Amino acid sequence: MAKVIQFTGLSGAGKTTLANGVQQELSRSNYKVAVLDGDVYRKTLCSDLGFSKSDRIENIKRLGRLAMEMSDDYDFIIIAAINPFQIARQWLRDHLNAKLVYITCAIETLTIRDTKDLYRRAMLPKGHENKIYNLTGVNDYFEPPLAPDFIISTETDTVTKSIEKLKSFMMLVR
């Protein structure tokens, strides 16, 4: 049965990059690792959901149920999604005994990185045709985790160092 690890953090903090990197690293050691990327599943399994609090929680529950279905085929399943609400993180912990990894990075750094142009668009004036009104951490809520099992700062650590730390953490919790 797979050990489920949930990554939470703001858009651009590095959840997908680190999930894919640690997946590759662990695969080299013959571990079977699946990555359930929130952005990918928003287009398929969760395409009917919006960005209300209830929709965001349902999004996480669906990813959790998918992880349950896949559990027998993997050593680790990483759910990499913004997951802004404690209640959804707790649901994953309660139903899958999922460990929580908080991927942190300051908004100022995320704004500079902004590969998807989301932060710039969220900061446009109200009424602008390209403005985003639901960017987590800017103009939509993000509850910082109360008690994460592990914290990675992609502002201070390189991708390589972060992957090394994640691999060590995952080996401890398996």
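Hi everyone, a quick word on terms before we start: helices, of at least four residues, and strands, of at least two, are DSSP runs, numbered from the N terminus. With that in hand, this predicted model comes to seven helices and five strands. Reading from the N terminus, the elements go β-α-β-α-α-β-α-β-α-α-β-α.

Let's take the overall dimensions next. The C-alpha trace spans about 50 × 35 × 30 Å along its principal axes. For 174 residues, a compact globule would have a radius of gyration near 16 Å, and the protein has 16 Å, so the two agree.

Now to the sheet. What is the order of its strands? This open sheet of five strands goes E2-E3-E1-E4-E5, and the pairing is parallel. At the edges sit strand E2 (33-37) and strand E5 (150-153), each of which pairs on one side only. On average, and ignoring direction, neighbouring strands here are turned by 20° against each other.

To pick out a bridge on your screen, look at threonine 104, whose partner in E5 is serine 153. Then there is helix H7 (residues 159-173), which lies across strand E1 (3-8), strand E3 (76-80), E4 and E5. Against E5, helix H7 runs at about 170°.

The largest pocket has a volume of about 710 Å³. It is lined by 32 residues, and the closest to its centre are Ser11, Asp39, Ile82, Lys116 and Leu118. Which elements give two or more residues to that lining? They are helix H1 (15-27), helix H2 (38-42), helix H3 (53-70), helix H5 (107-113) and helix H6 (118-122). By class, the lining of this pocket has 12 nonpolar, 11 polar and nine charged residues.

Definitions and conventions
Residues are numbered from 1 along each chain as its sequence is written. This is a predicted model: local features need pLDDT of at least 70, side-chain atom pairs count only at pLDDT 80 or more; totals for chains, interfaces and linings use all residues. Side-chain values use heavy atoms; hydrogens and water are left out. On a 1 Å grid over the protein atoms alone, a cavity is a set of points where a 1.4 Å probe fits but cannot get out, and a pocket is an open set with protein on both sides within 12 Å along at least five of seven lines; lining residues have an atom within 4 Å of a point. Grid points are joined across faces, edges and corners, and a volume is the space filled by probe spheres set on the points. Ala, Val, Leu, Ile, Met, Phe, Trp, Tyr, Cys and Pro count as nonpolar, Asp, Glu, Lys and Arg as charged, and the others, Gly among them, as polar. Two strands pair if DSSP finds at least two bridges between them. Axes are lines fitted to C-alpha atoms, for helices over the stretch in contact, and angles run from 0 to 180 degrees between N-to-C directions. Contact means heavy atoms within 4.5 Å. The radius of gyration is taken over C-alpha atoms; the globule rule is 2.2 Å times the number of residues to the power 0.38.
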